[in-house]
Amino acid sequence: MIRTGISTIALALMMAAPAGAQTSKQGATPTAAEADAFVERASKEFAEFSIDDARIQWIYATYITPDSAALVAKSGAEGTEMAVRFALEAAKYDKAKGLSPDTKRQLDILRSAITSPAPTRDGAAAALAKLQTDMQTVYGTGKGTLNGKPISGSDIEAAMGTSRNPDELKEMWTSWHDNVGAPQRQDYQRAAGLLNEGARELGFKDVGAMWRSNYDMPPEEFAKLTDKLWNEVKPLYESLHTYVRWKLNEKYGDAVQPKTGPIRADLLGNMWAQEWGNIYDIVAPEGAGDLGYDIGELLQAKDYDAIKMVKAGEGFYSSLGFAPMPETFWQRSLFTKPADREVQCHASAWNLDNVDDLRIKMCIKVNSDDFVTIHHELGHNYYQRAYNKLPLLYRNGANDGFHEAIGDFVALSITPDYLVSIGLLDESKVPSADKDTGLLLRQAMDKVAFLPFGLLIDKWRWGVFSGGIPQSGYQGAWDALRLQYQGITPPVKRDETKFDPGAKYHIPANVPYTRYFLARLLQFQFYKAACDQAGWKGPLHRCSFYDNKEVGEKLNAMLEMGASKPWPDALEAFTGSREMSGAAMVEYFAPLKAWLDEQNKGKPKGW
């Protein structure tokens, strides 16, 4: 997850604002010169506000108290009043004649890049800020139970990945969703109403349409694009689902996991069933499943701690020619969970001054997942630094999927050969070619399994914002989408007193989620392009471009573009293609797909 000064204001908690456009004459058609002056003024005001606001956001995320919650709500209200004031004014300049392409693009960013608009009426910004802060506080301080004892969010995530006791899994899943999700239901309904009211003032049908307008194409076309991309990879997911369901049935029996129908959500090694890699031991193919190493165990054997893990991630980017993180990064980041206070453990990357005050916030544990997450979060930081000389409004990703994909495509290069290069894995332990099925399956359990979850989060919210999902049907619609796309079902009966969407961080934080779906596909496009540039000739999934300065140079050229050009231009700069596609992912996993289909012969598909 990315957090920057500009995104804190314009992409995360933006809510409301009084005011109208400051044109020279009431009712007069704005001029291009006035539009240029407005963009300059807005950028200056954003820059001045953003540093203190980002500091307040950081303090709240790393020191959750009633005082820090009050400060972040107040600052959020002030910033969002500014953001929507500028969005309303930008809309009035949109039709000015003679606008330069740069000014037109920056006006579009000001108008559509807000994620949480609130109405301009008095008190609306403060009301929405408080609702969103209250929901995030419920999430950040929430606890589930294990064997009847309270357990924190970060600890329950870890326990969901290691427990193989279905009763424990059911207890953890149910307690987390009941204790964290359900209390947010009424606040979310009120927040959604305010958000829609604000979006309509900006000229959008609803908040979902506003979010979808931020991809250099009409909102309806973007929705169609996501459906097209899903259909490209859906057969791969269905093959994986069929195989995993069968293996879970072998493990737990018909009473826990039937041979047909959906998979029980709590059995997949993750609180949200979004990534399944933690249960690889259950599904590992006989003979090919034992890779001979586990990254978490390798880290522990080499006495890695949180700092050493981050240093390793930094080392990968340095090998591509990127400068190291500044000293302030090491002084100011939060790497481990403090023992004396509540923090938001959800991993995020920050640039507090929009220049080089780079930080990450994580509660790092020495395991494989966090090793990969570190590479992901650092990708945000290197992207942030690459575009830090652009005009302020361009200091962002080409689209939000790009920002998420950069670190993930680097993490795809965490191959056995790479682990040998950095001294984690003995060369004699590099898996032979007959282990490729296991390597690919382990990757698919996270990368492929995530795809429908990455899509349905916002499909649910688009439905809520459009009115297609009424408040009386929040839970039912959520369960229906989880069944339709993921083929999963809750371990216990749910009803409309529940609010399971709120048990996922991005719902109370109001962070759009389609970016993660796009990132899962873009990372494979970026990865294949990097491997082609590096002249890799072996199987695609074995490629590592570690220590390749040519790849780093081309990558940096794309990163430096920030949001200054439409995303197809940035995509073309690195990959040679102007279209997002699932083809690279399908190619990467083609050997696994063939193997899965062979294993699934005679077994029922679908749910």
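Are Y139 and W176 buried or exposed? I started my notebook with that. Y139 is buried, and W176 is buried too. I keep in mind that this model is predicted.

**Entry: aromatic pairs**

I looked up how many aromatic pairs there are. The count comes to 46 aromatic pairs. Y139 and W176 form one of them, and that pair is edge-to-face. I read 5.6 Å from centre to centre and 85 degrees between the planes. Y139 belongs to helix α5 (residues 124-141), and W176 belongs to helix α7 (residues 166-181). They are 37 residues apart, and the pair links distant parts of the chain.

Then I turned to W211 and F465. Why is this pair called edge-to-face? The planes of W211 and F465 stand at 80 degrees, and an angle over 60 counts as edge-to-face, so the pair gets that label. The ring centres of W211 and F465 lie 5.5 Å apart. W211 is in helix α9 (residues 207-212), while F465 is in helix α18 (residues 436-466).

Buried means under 20% relative accessible area. W211 has 6% relative accessibility, so W211 counts as buried. F465 has 1%, so F465 counts as buried.

**Entry: charges over rings**

Which residue has its charged end over the ring of F86? I found R85 there, 4.8 Å from the ring centre. I wrote down a second case with a lysine. K603 lies over the face of W246, and the distance to the ring centre is 4.9 Å.

**Entry: positive phi**

I looked for positive phi in residues other than glycine. N147 has a phi of about 55 degrees, and N147 is not a glycine. I placed N147 in the loop between β2 (143-146) and β3 (149-152). N354 also has a positive value, with phi near 60 degrees. N354 sits in the loop between β5 (348-351) and β6 (358-361).

Are these two buried or exposed? I checked each in turn. N147 has a relative accessible area of 54%, which is over 50%, so N147 is exposed. N354 has a relative accessible area of 5%, which is under 20%, so N354 is buried.

**Entry: cavities**

How many cavities of 30 Å³ or more does the whole structure hold? The search finds five.

Which residues line the second largest cavity? I listed W173, A265, W478, D479, R482, I488, T489, P490 and D500. By class, this lining has five nonpolar, one polar and three charged residues. I then asked which elements supply the lining. α19 (474-486) and β7 (488-489) each give at least two residues. The largest share comes from α19, with three residues.

**Entry: S68**

Last, I looked up S68. S68 has its place in helix α3 (residues 66-93). Its relative accessibility is 6%, so S68 counts as buried. What lies 2.9 Å from a polar atom of the side chain of S68? I found the backbone nitrogen of T65 at that distance.

Technical notes:
Residues are numbered from 1 along each chain as its sequence is written. This is a predicted model: local features need pLDDT of at least 70, side-chain atom pairs count only at pLDDT 80 or more; totals for chains, interfaces and linings use all residues. Side-chain values use heavy atoms; hydrogens and water are left out. Helices (H or I, at least four residues) and strands (E, at least two) are DSSP runs, numbered from the N terminus. Buried means under 20% relative accessible area, exposed over 50%, partly exposed in between (1.4 Å probe, protein chains only). Rings of Phe, Tyr and Trp (its six-membered ring) pair if their centres lie within 6.5 Å; planes under 30 degrees apart count as stacked, over 60 as edge-to-face and the rest as tilted. A charge sits over a ring if NZ of Lys or CZ of Arg is within 6 Å of the ring centre and within 35 degrees of the ring normal. On a 1 Å grid over the protein atoms alone, a cavity is a set of points where a 1.4 Å probe fits but cannot get out, and a pocket is an open set with protein on both sides within 12 Å along at least five of seven lines; lining residues have an atom within 4 Å of a point. Grid points are joined across faces, edges and corners, and a volume is the space filled by probe spheres set on the points. Ala, Val, Leu, Ile, Met, Phe, Trp, Tyr, Cys and Pro count as nonpolar, Asp, Glu, Lys and Arg as charged, and the others, Gly among them, as polar. A polar contact is a pair of N or O atoms within 3.5 Å; within protein, one must be able to donate a hydrogen and the other to accept it, and residues adjacent in sequence count only if both atoms are side-chain atoms.
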